[in-house]
Amino acid sequence: MSRIVYVNGEFLPEEAATISIFDRGFLFADGVYEVSTILGGKLVDNGAHLARLGRSLKELDMAAPCSMEEIAEIQHELLKRNDVEEGGLYLQVTRGAADRDFAFPKDAKPSLVMFTQSRPVIKTAAAEKGLAVISLPDIRWQRRDIKTVGLLPASLAKMAAIKAGANDAWMVEDGFITEGTSNNAHIVTKDGKLITRDLSNKILHGITRKAVLALAEETGIEIEERRFTPEEVKVASEAFVTSASTFVTPVISFDGVAIGDGKPGLVAKRLRELYIDFALKSCQ
């Protein structure tokens, strides 16, 4: 059976789904998105994702296509129609379709698109083996706290990492790590302190990041939210990333230098276990 997607009020087979060539998401990347993880056919921490969606819309002065409650109803109907047990649900809101003009249109109706993707989430090769990461200059715009669909710089960084034989890139600005191409970056110092970039418009305010830091604090791990350098990564005892699609995934090398013993660390493993337990309990 064909995957069912949602486009502006309709549930359709993916091959029948269309969007206007004048949609501002297509012409200007004038849109925002969220990805909620699917576990056991339910959504993980979805309320937090919808709250962030609302914030992104507000920051861009973009109207919501409907209420967040209605969006949640559509999400759950899409889950039911596709019968996905494990994976992700992508939703995107754009300012809508209007003749091309840099100025925002006054009467455009926001577009809402959703689709599901089936993929392993709990048991993955990356979680078991760890990631190799390289550093690259951060060339993105200055409002990274808004989850926009303008992802070309991140995509270019991802491809540069792959061409270099790595899995991902951590981006560097003014001598400090900002974040990964699609994840938040964390290190653990040799004295056991968890260091992660403080929240600002320089990084995405990760939903998984927030939950993992709360879990770390509950277990007695000391946390310091501040900028850290590539040099600190290389001498860290552990490193890991957090995101909705990867949960907590260890980083085992940085710019060709092994982190710790070059294997997934105990802190990352424990936080992944704790987060999976949290995710299962937060499913709705």
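Which residue follows α3, and is its phi positive or negative? α3 is followed by D83, whose phi is positive, near 50°. Let's see what surrounds that spot.

## About the model

This is a predicted model, in which local features need pLDDT of at least 70 and side-chain atom pairs count only at pLDDT 80 or more, while totals for chains, interfaces and linings use all residues. Residues are numbered from 1 along each chain as its sequence is written, and side-chain values use heavy atoms, with hydrogens and water left out.

## The sheet

An open sheet is built from 6 strands in the order β2-β1-β6-β5-β3-β4, with antiparallel pairing. Here strands (E, at least two residues) and helices (H or I, at least four residues) are DSSP runs numbered from the N terminus, and two strands pair if DSSP finds at least two bridges between them. At the edges lie β2 (10-13) and β4 (42-43), each pairing on one side only.

Strands β5 (residues 86-94) and β6 (residues 111-118) run antiparallel and are joined by 8 bridges. Within this pairing, V93 stands opposite L112 in β6.

## Helix α3

Helix α3 (residues 68-82) packs on the sheet, touching β1 (4-7), β2, β3, β4, β5 and β6; contact means heavy atoms within 4.5 Å. The direction of α3 makes about 35° with that of β6, where axes are lines fitted to C-alpha atoms, for helices over the stretch in contact, and angles run from 0 to 180 degrees between N-to-C directions.

The buried residues of α3 (under 20% relative accessible area, with exposed over 50% and partly exposed in between, using a 1.4 Å probe and protein chains only) are I71, A72, I74, Q75, L78, L79 and N82. They cover an arc of only 160° around the axis, which puts them on the same side of α3; the arc is that of the directions from the helix axis to the C-beta atoms. On the other side of α3, E69, E73 and K80 are exposed.

## Aromatic pairs

The whole structure holds 8 aromatic pairs, meaning rings of Phe, Tyr and Trp (its six-membered ring) with centres within 6.5 Å; planes under 30 degrees apart count as stacked, over 60 as edge-to-face and the rest as tilted. One of the 8 is F28 with F102, which is edge-to-face because the planes stand at 70°, with the ring centres 5.2 Å apart. F28 is partly exposed at 22% relative accessibility, and F102 is exposed at 62%.

Y90 and F115 form a stacked pair, 4.9 Å centre to centre with 20° between the planes. Y90 lies in strand β5 and F115 in strand β6, so the pair ties together parts that are 25 residues apart in sequence. Together with Y33, Y90 and F115 form one aromatic cluster.
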